[in-house]
Amino acid sequence: MLPIIDAEAMGYFRAIMRSNEKSARALELTEEIIWLNPGHYTAWAYRLDILKALKLDLHQELEFLNEFALCNPKTYQLWHHRREIITLLGDPQGEFEFLESVFKEDGKNFHAWAYRQWLLVAFDLWNGELEFIEKILEVDVRNNSVWNQRFFVVTRASTIALDQPTLARELEFAWSKILLAPGNESSWVYYRGLLEQFGTTDEWLAVEAQLKNATKEDNITPEDNGELLKEPQPSLTGSRFYWEMLVDVHTYKIQHTDKVIAVLNGTITTPDLTKQSRDEVQRLCAHLEELDPVRKAYWTYRTDQLSVT
Amino acid sequence: MALPTNDALLVAKHESYFKRCLSLLPGAFQREDTSRMTLGFFCLAGLDILGALNSAISEAERQEYIDWVYAQQITPEHTTMPGCCGFQGGPFTGPLPSSPQDRDQRGDTLITASLPSTYSALACLIILGDDLSRVNRPAIIASLKALQTKEGGFRSHPFTNEADLRILYCACVISHLLQDWSGVDQPGAVRYIQHCQGYDGGIGLGPGQESHGGTTYCGVASLKLMGCLDKGLVNKAATMRWCVHRQQQGFHGRINKDDDTCYSFWVGATLSMLDSYHLIDIHAQRHFLLSTQRFIGGFAKYPGEYPDPYHAYFGLTAFSMMNESGIQEIIPELNLTKTSYAKFFQRSMGDSS
């Protein structure tokens with residue numbers, strides 16, 4: 001089935017594997033194979049064995065990997081292999097520079113981001129990471145891989161708790177990026193993600209106020225950033241994400257009436273709060289059906305969900 | 001001469017496309033020598049979803065393919081290393097040891113199957129109408145045990161330390177098709193999937209990683225196969241929302257990326273498992289997919305690019321989920337047609353009675 005042209009190199013490689021030869025020429029042969037077929041996991045594994053057995057200079061191996069990564073940046077095995085080499089070296093020096101060269105070609109390479117996360121954890125390199133992230137977001141605020149990295153760094157991959165000052169700082173940061181590009185899903189999703197995982201009722205209500213106040217001065221059309229953002233941006237109220245966030249705020253209120261009433265010092269009754277919020281969700285979803293026709297059925301669904309909860 | 005307008009699914013063209021790929025892949029695919037099994041799966045599954053398997057390949061070819069798949073099986077006859085049994089992606093490591101004596105004499109220690117190839121092999125055999133009677137089940141189950149990590153994820157083969165969600169999905173399909181889950185620590189697998197769910201509701205390749213359409217599918221399908229989709233998902237509403245937001249016209253795999261044919265399967269099938277396929281805009285998706293369909297048959301990743309078997313197959317699965325007439329219905333979590341799966345199920349019931 002599926003005959004694929006075999007290479008002469010493949011024949012030599014099999015012979016060398018059979019005799020279990022660990023030599024310089026065997027190493028060279030694995031290189032040949034990997035260039036022909038970057039996903040050849042056996043060749044990668046054999047290469048690592050040879051490097052270990054002959055105690056070869058691993059810095060030289062990194063140079064080979066740098067070159068290889070330029071041509072085959074999305075090969076899983078390449079990144080696995082690199083981890084092994086850096087682990088053997090016990091020293092991540094130069095790795096961030098290498099990653100910069102990869103990100104220059106593709107800022108969303110998820111192998112590279114996963115590798116970076118591993119470096120942060122394995123060598124405790126958290127310092128300076130937020131500055132690095134901000135630097136990239138200044139160039140491309142729509143790069144979702146960077147937003148994910150920010151969440152990873154801020155929460156230290158923990159979902160348990162986030163201290164209040166950090167949460168406030170992050171909500172503020174996301175909000176500033178939302179104002180810069182209201183049509184950017186990444187910053188909205190980050191904003192909501194923080195709220196859903198760590199936000200208290202106070203924060204949810206503060207968000208509602210922030211959203212409503214912002215429309216009063218909704219002339220923040222990001223005309224200066226046209227080139228930076230690569231596509232024309234809607235105004236805040238022209239963005240579907242703005243209205244969606246309001247739907248979420250009201251859904252939160254319906255699901256947490258007791259907490260909301262406590263914060264409001266009992267100035268509203270449960271039935272009133274529920275009715276108000278339901279009406280709002282209905283109105284907002286109707287607007288979204290117009291604004292975001294591809295998801296029309298979804299917005300109808302969100303309205304229908306209210307009668308279920 | 002005017003080119004034909006691209007407003008219909010070119011069923012006959014797709015059939016001949018898969019036939020062509022099956023008999024001789026374009027040279028560019030030499031890079032895929034280790035994953036021939038998976039490429040074979042896309043071609044056979046493509047013919048199957050078109051309902052064209054029997055007309056496209058002869059009985060002799062069918063038998064030949066089955067034998068080729070079995071020839072890639074690695075058993076304890078070939079290796080004593082834990083985790084190596086199953087199927088390899090093709091004969092790229094050369095002839096396997098002919099006997100245990102030959103095995104012990106030979107110096108090569110890197111002979112191994114991989115879980116993605118094992119999954120593809122079982123799927124190919126089922127599509128080809130085989131009853132899996134020549135599969136060494138205990139050896140595969142033992143491999144699964146050896147390849148699950150303490151975090152609950154799975155490695156592809158024993159010569160790597162890397163585990164991820166794609167491989168966990170392969171382990172789940174293998175267990176389902178062999179009707180034996182004893183090789184999988186299910187609570188561990190569920191925990192691993194939960195750690196992969198991101199703050200946006202989607203699921204990443206590993207804990208902390210960016211949500212991605214392919215891995216969201218792997219997570220949700222694995223939970224479904226383990227029978228704990230409702231309890232296993234950290235936040236089902238958030239996952240559904242994340243999926244629904246991946247539609248521009250067609251679907252894309254990550255936030256702020258371009259639409260790509262294959263995500264009409266990965267994200268669409270996920271929504272289908274979450275009973276929410278009706279929430280997508282069928283017309284917009286159809287329009288996008290017809291723009292990636294090629295006149296010579298097949299689908300490309302993006303409009304204007306060359307087709308490949310992977311995108312050709314996933315393009316068709318989207319038409320299947322949209323109930324296109326003439327296209328077979330699929331089981332989203334297994335990525336197999338209902339017809340092939342039902343026949344397989346009948347065959348395996350027949351065995352046990």
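## Interface between chain A and chain B

A:Arg83 and B:Glu162 form a salt bridge, with their closest N and O atoms 3.4 Å apart; the term covers a side-chain nitrogen of Lys or Arg within 4 Å of a carboxyl oxygen of Asp or Glu. The rule finds four salt bridges across the interface of chain A and chain B. The model is predicted: local features need pLDDT of at least 70 and side-chain atom pairs count only at pLDDT 80 or more, while totals for chains, interfaces and linings use all residues. Residues are numbered from 1 along each chain as its sequence is written, chains are lettered from A in the order in which they are written, and side-chain values use heavy atoms, with hydrogens and water left out.

Between chain A and chain B, 19 residue pairs are in polar contact, both residues being at pLDDT 80 or more. A polar contact is a pair of N or O atoms within 3.5 Å; within protein, one must be able to donate a hydrogen and the other to accept it, and residues adjacent in sequence count only if both atoms are side-chain atoms. On the side of chain A that touches chain B, helix 1, helix 3, helix 5, helix 7 (110–123), helix 9, helix 11 (185–198), helix 14 (240–255) and helix 17 (296–308) each supply at least two residues. Helices here are DSSP runs (H or I, at least four residues), numbered from the N terminus. Helix 11 of chain A gives the largest share of that side, eight residues.

## Extent of the interface

Chain A contributes 58 residues to the contact and chain B 62 residues, contact meaning heavy atoms within 4.5 Å. About 5,600 Å² is buried between the two chains, 54% of it from carbon and sulfur atoms; this is the accessible area (1.4 Å probe) lost on putting the two parts together, summed over both.

## Helix 3 of chain A

Helix 3 (residues 41–53) of chain A has 13 residues, which should span 18 Å at 1.5 Å a residue, and its end C-alpha atoms are 18 Å apart, in agreement. The expected span is 1.5 Å times one less than the number of residues. Ten of the 13 residues are buried, so helix 3 is largely enclosed by the rest of the structure. Buried means under 20% relative accessible area (1.4 Å probe, protein chains only).

Among the buried residues are A:Trp44, A:Arg47 and A:Leu51. Their cover includes helix 1 (8–18), helix 2 (24–36), helix 4 (58–71) and helix 5 (76–89) of chain A.

## A:Gln149

A:Gln149 lies in helix 9 (residues 144–155) of chain A and is buried, with a relative accessible area of 0%. Its side chain makes a polar contact with the side chain of A:Gln117 (3.3 Å).

Definitions and conventions:
Buried < 20%, exposed > 50% of the residue type's maximum accessible area, 1.4 Å probe, protein only.
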